Amino acid sequence: MPLYELTAHELHEKLKAREITSVELTQSVYDRIGAVEEKIQGYITLTQDIAFEQAEAADVGFQRGDEMPPLAGIPIAIKDVICTKGVLTTCGSKILGNFVSPYDATVMTKLHQQGAVMIGKTNMDEFAMGSSTENSAYRITRNPWNLETIPGGSSGGSVAAVAADEAICSLGSDTGGSIRQPAALCGVVGMRPTYGRVSRFGLVAFASSLDQIGPISKDVTDCALMLNAICGHDPMDSTAANLPVPDFTKSLIADVKGIKIGIPKEYFTEGMDAEVEASVRHAIELLRSAGATVEEISLPHTEYAIATYYIIAPAEASANLARYDGVRYGFRAENAEDLIDMYKKTRSQGFGEEVKRRIMLGTYALSSGYYDAYYLKAQKVRTLIKSDFDKAFEKVDVVVTPTSPTPAFKIGERTADPLQMYLSDVLNTPSSLAGLPGISIPCGLTQSGLPIGLQILAAPFEEEKILRVAYTFEQHTDHHRWKPEL
Amino acid sequence: MADKKYETVIGLEIHAEFSTHSKLFCTCEVKFGSDANTQTCPICLGMPGVLPVMNKRALEFAIRAGLAMNCKIASYSKFDRKNYFYPDLPKGYQISQYDLPLACDGYVDFEFEDEIKRVRIHRVHLEEDAGKLVHADVTGDPNRSYVDFNRSCVPLLEIVSEPNLRSPAAAIAYWRAVKEILEYIDVSDCNMEEGSFRCDANISLRPVGSEEFGTRTELKNKNSFQHVLAALQYEEKRQARILDEGGTVEQVTLLYDLNTGRTSPMRSKEEAHDYRYFPEPDLAPFEVDPEEVERLRSTLPELPAERRKRFVEEYGIPAYDAGFLTTTRQMADFFDETARLSGDPKASSNWIMGDVSALLNSAGIGIQDAKVTAAHLSELIQLIKGGTISGKIAKSVIADVFETGKFPKQIVEEKGLAQISDTSAIEAVVDQVIAAHSGPAQDYRDGKKKALGFLVGQVMRATRGKANPQMVNQLLRRKLDG
């Protein structure tokens, strides 16, 4: 089996045993990229120089027989929304087309401490706004399972890269489902940790109260290893929780006896693909037969989540994206007549359609006279959505749902209808608004060979419960081993 | 104002930069006068992906300032984003406070026209400062403007008064009082030239006796007492003229042109702001511990108004002197210590208000930067009281102290300036003078008592000023009267 097909924990054993070197492994991944990237289009920037330098450094440690961290020498792809020192960080936008970050995000510092290898920066919907990665200013990323379909978004590049074995693991960001939804659509594991679990310092902000960095991997064990590496308090982020971080690999227990699973009836509604529903119901049955108890629950405010999300996220985005004004860095339009004209031309030409749409939505929602009716009301509904979950988690340990109501759709199919596109995240936004952790793991394929994802949610800072249920499911199935033919 | 038909109503929004070691949301140093953009980092430059982290010290400074202005300190507060585009604002929003300011409902007492006036403080809040635009007048480049972000993210306190001020001069007096307070509690150096202390003023007129406010105009961002005074006086007259003519005042933001002495409205584009405030998601709302507030209250120094009162009561000096001596905290500390060490408050006050101030002024420095300390001055006062030197000699000694930082005793010794208080030494000179000036001596004996002054002067001259003048007087009289 080629090295690029393996998982991080499998590769760590080989590196430790000195069967392979990180340089060989890194070369194997770049060879794979050379072979399939033309089809997949998952990367915006490849960072070979840095990668081989890091690989060599890791090899020195392995050769010396040092106690090496689990991600040492492991090729990892980074969503282009995470700042990487000295490397282009475009956020999939023309407006940051020439932006080289002067600093590293906290997660990057943590990965460097692990000795991980950065393969490159991955494609994404511009500023993480989208559900298909079609909103990138640079390229259309394809779903490795069917090149005619989208990989999901906004972390489409990071997810497709892992699914196509162009990286062993990757980092994405999830604001309203941007890790989980593409992970489901591409048949890999993707986790959004609890809001505050991972430092956002260096994550280019889309919606500050919702954004979280999270791992994308080929199995649940790698997910736990990635979490171990990136979680924890950061003095540079006031919203990063000052809580001890458990060793998440301790939650890799193939046993769900006594675990109470809640199935929210509101998540199985019209518009749900029949194959998706069947596959998810089958997965739930499997968990029940493995010893979990299953009960139906209600999350009554679910139907308001999309509307709430599309007020709060654009409102925050309208402020977060104000800094791209052409004054200090990034794109500046030519031939401006005066300051206001420079702002208008720079932002009109620098941002794509969806970003401009959301800036306008958010600006409107915050405007004098509309604030109470939109932003304030949305915040109140957000509290209601959160309290739905609080009540649910008094009764159950985890909530299990489909990750996406449909499998991957065709490229171009929903671009003309923003609302239809927004509904792709209908099952992910409620837990984002509540700040909950959630994972998507592969749980089946449709007749036409597209992956289906199972979403598992837990109360804040209870990632361990999620990992346990996900790991148990994985041990009983082999969905995570299926690979697309490329 | 001259026209008694209208009452003037003024409120001020004062901005003071804190002199904390580091900025409000990053660890860059707060330092004036550095090369452009050298006191910056990705955070205060508004780079993608950065986050603010609260400077606890700035929060303490703001609470101290709120307490010094007799405000209620909020038990729960938060930061908000104030959104607008300007090249000096790197994030496109300013982190400020909107509906839950750190402090509110306070007051400041200040002296104006020999009365104590009280201004209500509506609110006091903490925010970050913006950078500074640098134009052709500095760079010589007419085609470009530059931005210096050294000031970006420096903690800025905004103090909003109620419209309790009734004249431009009273507004300035209040503004000065706030400056004094902030300097006293050591949170800001209030350096107006560097722009670390500035204000916006709202002014309106209403018919005398009316309860309703007239339409106000706003004067932006001024950092000079004289300019604000002139601008308010101009605006007061302008509004009166409009009202006299039956017109209505338009609510606008005005710029004051120093050269023409006139105000003119800013372009509406520049002021038509909907700031779209919303809670800053990157900073959690915070609770203020009441015990911490009490601890900070206990660290507040005696404020200028209290201090003036105490100087009058404790030291028995005139109110005018007390006012002068409390202009700055350093000056007041200097007086306080000199008075205590010398045991002679009045002499301390006279020396400080006279020679010391003159020397400071001509050197263009404040007392904190001078070589003369309370120990120096009190020693000098002791030397005079003990009869070692005369007041006249003391004037040259203090100048020497100012120059060299040496102690008065040492200077007197080195230069041989000690008074001659030895009766026999003085008596010999007195005898010589009487003999040499028999005319005036006779005049005195004949009842022309004024002649004594001439003879005293001759003795002092002969001793090069070192004879103890009282002893010279006594000896001359004894010789001549005897």
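## Salt bridges

Over all chains, the structure holds 57 salt bridges, a salt bridge being a side-chain nitrogen of Lys or Arg within 4 Å of a carboxyl oxygen of Asp or Glu. One of them pairs the side chains of A:Asp174 and A:Arg192, with an N to O distance of 3.2 Å. This pair links distant parts of the chain, 18 residues apart: A:Asp174 belongs to strand β4 (residues 169-174) of chain A and A:Arg192 to strand β5 (residues 189-192) of chain A. Helices (H or I, at least four residues) and strands (E, at least two) are DSSP runs, numbered from the N terminus.

## Basis of the model

The model is predicted: local features need pLDDT of at least 70, side-chain atom pairs count only at pLDDT 80 or more, and totals for chains, interfaces and linings use all residues. Residues are numbered from 1 along each chain as its sequence is written, chains are lettered from A and ligands numbered from 1 in the order in which they are written, and side-chain values use heavy atoms, with hydrogens and water left out.

## Interface between chains A and B

Chain A contributes 38 residues to the contact and chain B contributes 31 residues, where contact means heavy atoms within 4.5 Å. Between them the two chains bury about 2700 Å², 63% of it on carbon and sulfur atoms; buried area is the accessible area (1.4 Å probe) that two parts lose on being put together, summed over both.

The count between chain A and chain B is 1 salt bridge. A:Arg200 forms a salt bridge with B:Asp282, whose closest N and O atoms are 2.9 Å apart.

## Second largest pocket

The second largest pocket holds about 950 Å³ of space. A pocket is an open set of points on a 1 Å grid over the protein atoms alone, where a 1.4 Å probe fits, with protein on both sides within 12 Å along at least five of seven lines; lining residues have an atom within 4 Å of a point. The volume is the space filled by probe spheres set on the points, which are joined across faces, edges and corners.

Of its 36 lining residues, A:Tyr375, A:Gln379, B:Pro279, B:Glu280 and B:Pro281 are the closest to the centre of this pocket. The helix α12(A) gives the most to the lining, with 6 residues.

## Backbone features

A:Gly153 and A:Ser154 are joined by a cis peptide bond with omega of about 10 degrees. A:Ser154 lies in the loop between β3 (117-122) and α5 (156-163) of chain A.
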